[in-house]
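Let's take a friendly walk through one protein model. Have the sequence and the 3D view ready as you read.

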Amino acid sequence: LSSRAAGGKNRPAAAIEKPELAELFMAIILCIDDEPNPLQARKFLLESEGHQVIEAASGKEGLRIFQSESIDIVVLDYWMSGMNGLTVAQEIKRLRPHTPIIMLSGFPELPGEAVGLADRWILKGRGTRDLLVAVAELVPPPKRDGNMKSGA
Amino acid sequence: MIKIRDSISKKLTALNMLVSGTALLVACAALFAYDLSSFRQTTLNDLSIQAQIIGSNSVTPLVFNDAKSAQQALSALQASPHIVYAGIYRTNGQFFAGYWRTKTVHETPPIPAAQGGNTRWFREREFTVVQPIVFDGKLVGTVYIRSDIQALVDRLKNYALILVAVAMLALLAALLISRTSQRAIAKPIAALAETARAVSRDKNYGARAAPTADMDEVSVLINSFNEMLAEIQKRDTALQESEDQFRTLADSVSQLAWMAHSDGYLFWYNKRWYEYTGTTPEQMSGWGWQSVHDPKLLPIVLERWRASITAGKAFEMVFPLRGKDGTFRDFLTLAVPVRGADGKVLRWFGTNTDITEQRRSEEALRRSEKLAATGRLAASIAHEINNPLEAVTNLIYLAQKNPTNTGKYLEMADQELERISEITRHTLGFFRDTSTPVKINISEVLLDVLNLYDRKIRFKKIAVKTRLPQGLEITCFPGEIRQVFSNLVSNAVEAMEENGRLCIKASRTHDWTNGYRSGVRVSVLDTGCGVGRDQMPKIFEPFYTTKKDVGTGLGLWLTRGLVQKHHGSIRVKSRTGSLEAGTVFSVFLPREPLQDQNQSPEVSIETGKRNLHATSE
């Protein structure tokens, strides 16, 4: 765990510059947002980094997918109609506490009780790099029985 | 007060005297009758003896025909003053000799026939005796004596005198004895009567009748009377205490309080009233309270107070009252009728509660909420803009990274930028408020608001139906009216799941409550979850929310405040449950609300409150 955290700091830049390395850290990411266009743009962005992205248009749908699929990272919009991001995050942490959550918010201020739930908070707007860095930091280490290059 | 004409004492005495008198009278009458009878008999006996003596003395004269001797013998009768006439007759009834008391008249009456066989009788106020004179077994003549009743009369006179004297003495004695003896009965009763009179005259229930030593009915009466007085005194004390407590309470509450007769005549005010208004009871009595009212509002107050009195229904109104410093403060006035067992109004009990501070703090809260609402609006604008901005940023990053395939990314980015521009265009309307009311088209405002929520409506697949005719113009503060409908539409959208229906209608209409004001009515209907019966009364209260995570609970409160500011009214009907659940808010806005200045804002706000019918179905 410590090696992952230590390595994480330098990895994003390397990942962007060296696509072949990015594959080592490929993750299955669940993106939950009730806004169709930003959701799609986010999907394109993360896919361009080599991750596999599953879209969900509401908190409800997101939780259904989360329960049936193996998910590495959840990218969650805080402000959604119906079930909001806070509720979804609580449910995810209840189901699988170690799954990292990246919370996106359009508001400059964050509600206190939600802060502790997410592993990263990203303010929407000009947050492209922040999102990529967060994903890179939170990608789980390559599995031992997987690609040999993971040891390098 | 009843004047005692015949005291029991006098009555008892009279009764005693009557009884004694009657007894005496009967006794005297009996005595008198007996005496009369026996005297009559005695008189006749005497007369008979005298007749016999005369008869004996007349034998010789008769035999010797010596009338002179007979005359002499008869003259002895002079000793008996009552004998009117005595005569001696021969056997053939011929007059022989006679005696007359009156010397002038010398009749010779014939011998009267025997009265029923009797030879002596009392008749026509005369005693008469007819006595045969027998000598040697042979009838030789007859004596006839007549006497008047003067002796009897004299005797009776004496007798009556004695009887009267005795009776008087006896009655006097009876009176004295009665006087002494009746005191034992009459005196305690008289004392009781005097006590009763004193109690009823002086209202002194502390007075007590002196008890008697005897254990008779009078004693029971006195004791019962005293117990009754004690009970009355106890109740009096309790009543006084209760009254004192009420006065203390009424004087110590912070409200002004008063009481009125059933006809509306105010007869009592608490101390606070006098302290606040600086008036005196003399000035305030009856309808004097009008002097501390705002003359402009007084006709409305009087009209409604009279209507309450006529209908016997509780009175509720907010109006200003002038304090002793001359300034007016707003009071919420409540008056309830106090009814008797028969349901008739006995009196009115009223309070005036100073709500000036409450009004001020509500106004301050409303103002701060308006600021907060503005802040929230700014935050949600930031959110609304940040969303497409993020998409644009991501798409530009992608386009830079992969310059060969930029068309798709740029097209999406363009769409998102268009959204940003739309958001700014619409939301800026909220801030573009004027200091004076302007004429706006309500349909345009509603379309603007709908546009603002368009994305959310489309995302939730909500079907929107509108009936927004042109030409519905009202004069208002557009930003505030926009906020009113923005809140209502936002609530409607939030209340619905996917595939709901939102229906917005506007029409020209008249006020529900007083038909003369023309304006527009806007109804916002949703097929959301509905407002529960228990929530319904609270929805317009500040800080009431069912969406703790996103709402502050001030939206509808602010909405109502803004509607009231425009002299309009708002109503809500809602239905919960799976079938046909939903809510409809109806807002009435007058066409020219702000020219309606002859009504004071106090009354209008109050009127607005009355128009709020939060009914749940």
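## A sheet and some helices in chain B

M317(B) has T333(B), in strand 9 of chain B, as its bridge partner. Before we go on, note that this is a predicted model, where local features need pLDDT of at least 70, side-chain atom pairs count only at pLDDT 80 or more, and totals for chains, interfaces and linings use all residues. Residues are numbered from 1 along each chain as its sequence is written, chains are lettered from A and ligands numbered from 1 in the order in which they are written, and side-chain values use heavy atoms, leaving out hydrogens and water.

**The sheet.** Which order do the five strands of the open sheet take? The order is 7-6-10-9-8 in chain B, with antiparallel pairing. Strand 7 (266–269) and strand 8 of chain B are at the edges with a single partner strand each, so one side of each has no neighbour in the sheet. On average, neighbouring strands of this sheet are turned by 25° against each other, direction ignored. (Strands are DSSP runs of E, at least two residues; helices are runs of H or I, at least four; both are numbered from the N terminus. Two strands pair if DSSP finds at least two bridges between them.)

| Strands | Bridges |
|---|---|
| strand 8 (residues 315–322) and strand 9 (residues 328–339) of chain B | eight bridges |
| strand 9 and strand 10 (residues 345–354) of chain B | nine bridges |

Strands 8 and 9 of chain B form a hairpin with five residues between them, and G326(B) in the turn has a positive phi of about 90°. F319(B) stands opposite F331(B) in strand 9 of chain B. The hairpin of strand 9 and strand 10 of chain B has five residues between the strands, and there G343(B) takes a positive phi near 85°. L334(B) has T351(B), in strand 10 of chain B, as its bridge partner.

**A buried aspartate.** Is D35(B) buried or exposed? D35(B), which is found in helix 1 (residues 8–63) of chain B, is buried, with a relative accessible area of 9%. (Buried means under 20%, exposed over 50%, partly exposed in between, using a 1.4 Å probe and protein chains only.) Leaving aside residues up to four places away in sequence, D35(B) touches R155(B) and Y159(B), where contact means heavy atoms within 4.5 Å.

Methods: Axes fitted to C-alpha atoms, helices over the stretch in contact; angles between N-to-C directions.
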